Structures are given as C-alpha cells and as structure tokens.
Amino acid sequence: METFWFYWTFIISFAIVITADECGVSKYVDNPFTLRIVGGQKAQQGEWPWQASILLTHPQYGFLGHWCGGVLIDQQSVLTAAHCISNPLFTLPQPQYWKVRLGDHHIKKKEDSEKTYNVSKVQYNAWYSKYDNDIAIMRLSEPVIVNENIRPVCMPSKEDTFQDLDCVATGWGKVDFDKKGSSFLRKVNVKVFDNSVCHSAYNEKFDIPIHQWHLCAGTLEGGKGTCHGDSGGPFQCKRGDKWYLAGLTSFGSGCAKRGFPDVYTRIPYFLDWINSNKF
C-alpha cells in the first residue's frame, strides 16, 4: 500500500517601516527557473528573503531544530502549515515551543544574515482537519528589521488565481523520498493547474477531495516538486519585479511523483482569516 503524507520533517530596538513597494523584492533580479527541491540545486543566499525556518523545542524531546518552513508576510507575522502545529504526534499551539529563523541559507551553519526570533502567538485555523484549511500564523515577539536578506513577501488579492503561471516553491526538505533534508535552501519552478487536475488524482486514489481552499501545482511528468520538510513554506509567483504569495506547501503523494502534482494552501482564500489573526 502506498503511503500518503504531509511534507513535514520527522526528526526528533526599532523597526523600519515597510511600504507596499518594498515587499516581494529579491536582490536577484533574474531567478533561473531550472532548479528543483527534489534532486535540484541550491538557491542563492538572500534570493528568497521571506523564507522562514520554523524551529521546534519539544516539551519532552527537547530542541529538534528545523521542523517546517514558513513565510514572512509583514514585520511581525509568519505563516506556516497548520499540520506543523497540530498533527498525529502532538498539538503544540503554545508559543514557547517555537522560534522562527529568518535570513537563513545553510540551515546547519550560523550565518551573519540570519536572525532567530521568539514567538508570542501561535494560531492555527479552527477549521483545520487533515488536508483542509491547512494554515497557521505566528506572531514574532519583535518586528523584523528589513534588509536584503530579511523581507516580507507581497500578499495577493482575493481575486488572484495564478492559473497557468510558472511559480516557485522553496524549502529545506528532502531532495528525494529516501534522502535526507537539504542543508541549503532549494527552489523549484512548477505550473499552477486547475484544481480539477489534483482532484482527479487525489480523490480517485486516496478519497481526498480538492476544494477551493486548495491550490494545485506541479508537473504531471513528476521529478519536480516538494518533499518532507518543505511543509508550510512559500509557493510564490512573480509579477513584474515582485513576488506574491500564492500558497503554502501542504501535502502530496510521494515526492514529485508522476501523475500527482502537489497541493498547497491557497492564500487568496484565507486573506480575511490572516488579517483577523495577525495581532
């Protein structure tokens, strides 16, 4: 029997005011669309300055390090997947168990660009259940100071569908199903499909319907996509010179498996929830 799983890792002053013009800007103007998280090459340092690493200190097992990905959406708010907070192993909405690291590139080395923040609030969607409403928000204990390595992504509008666009998923997840997590941040470009493509795949094989709060993206050929450890990380689409948050890595079948694009949490659907839970 095939195993179906979420993409999470099973391992035990003052602030600069951000304007709308400053979100979603990378110091790398030309981002090559040839790399992938599964089997691909690393991203450039500072290329995705809104990428976060969600760190867990378990109340029983101690510090576990990188647990999930996340994404900075303003100076004090980070989004991640709800299943990173509540899952079959634990439910830990208490902020003292979590930290957020921003500006990181090599996840196993201390870098001058990175900074780790305490968390003052953790809230996952009240309607979260298994594969539905898979979104959570963390409030940082202090505002970030924006620089070229730490910067929020731009938020979409409710009307954005990103249909048929080539967009990018990023994370430190496994480079293949039977491999270890990546030490370097990686990226993969995949196409946004109509949800019917994922519905046909997942509902038929796993009896998991795909709804309007899901976003379907990947390749039908396989070989490009997200994997364990990428959960909660950003799926971003570029318009002009800015990147917009389209989704959060949520679940899939295997790692970049043929016939099964990945399923993301669709951010435009949750804008009201996000705005009402940021503070």
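This is a predicted model: local features need pLDDT of at least 70, side-chain atom pairs count only at pLDDT 80 or more; totals for chains, interfaces and linings use all residues.
A disulfide is counted here when two cysteine sulfur atoms lie within 2.5 Å of each other. Three of them are followed below.

Begin with Cys23 and Cys154. Their sulfur atoms are 2.0 Å apart, and the two residues are joined by a disulfide. Where does each cysteine of this pair lie? Cys23 sits in the loop between β1 (5-6) and β2 (51-58), while Cys154 sits in the loop between β7 (136-140) and β8 (166-171). The two positions are 131 residues apart in sequence, so the bond ties together parts of the chain that are separated by that distance. The torsion about the S-S bond of Cys23 and Cys154 is about 95°, and the disulfide is therefore right-handed.

Are these two cysteines buried or exposed? A residue counts as buried when its relative accessible area is under 20%. Cys23 has a relative accessible area of 13%, so Cys23 is buried. Cys154 has 1% relative accessibility and is therefore buried as well.

The next pair is Cys198 and Cys216, which form a disulfide with their sulfur atoms 2.1 Å apart. Here the bond links a helix to a strand: Cys198 belongs to helix α1 (residues 195-206), and Cys216 belongs to strand β10 (residues 214-218). These are distant parts of the chain, 18 residues apart. The torsion about the S-S bond of Cys198 and Cys216 is about 80°, so this disulfide is right-handed. Both Cys198 and Cys216 are buried.

The last pair to follow is Cys227 and Cys255, a disulfide with sulfur atoms 1.8 Å apart. Cys227 is found in the loop between β10 and β11 (234-239), and Cys255 in the loop between β12 (242-252) and β13 (262-266). The angle about the S-S bond is 60°, and the link of Cys227 and Cys255 is right-handed. Cys227 has a relative accessible area of 0%, so Cys227 is buried. Cys255, at 10% relative accessibility, also counts as buried.

How are the bonded cysteines paired along the protein chain? When they are numbered in sequence order, the pairing is 1-4, 2-3, 5-9, 6-7, 8-10.

Key:
Residues are numbered from 1 along each chain as its sequence is written. Side-chain values use heavy atoms; hydrogens and water are left out. Helices (H or I, at least four residues) and strands (E, at least two) are DSSP runs, numbered from the N terminus. Buried means under 20% relative accessible area, exposed over 50%, partly exposed in between (1.4 Å probe, protein chains only).
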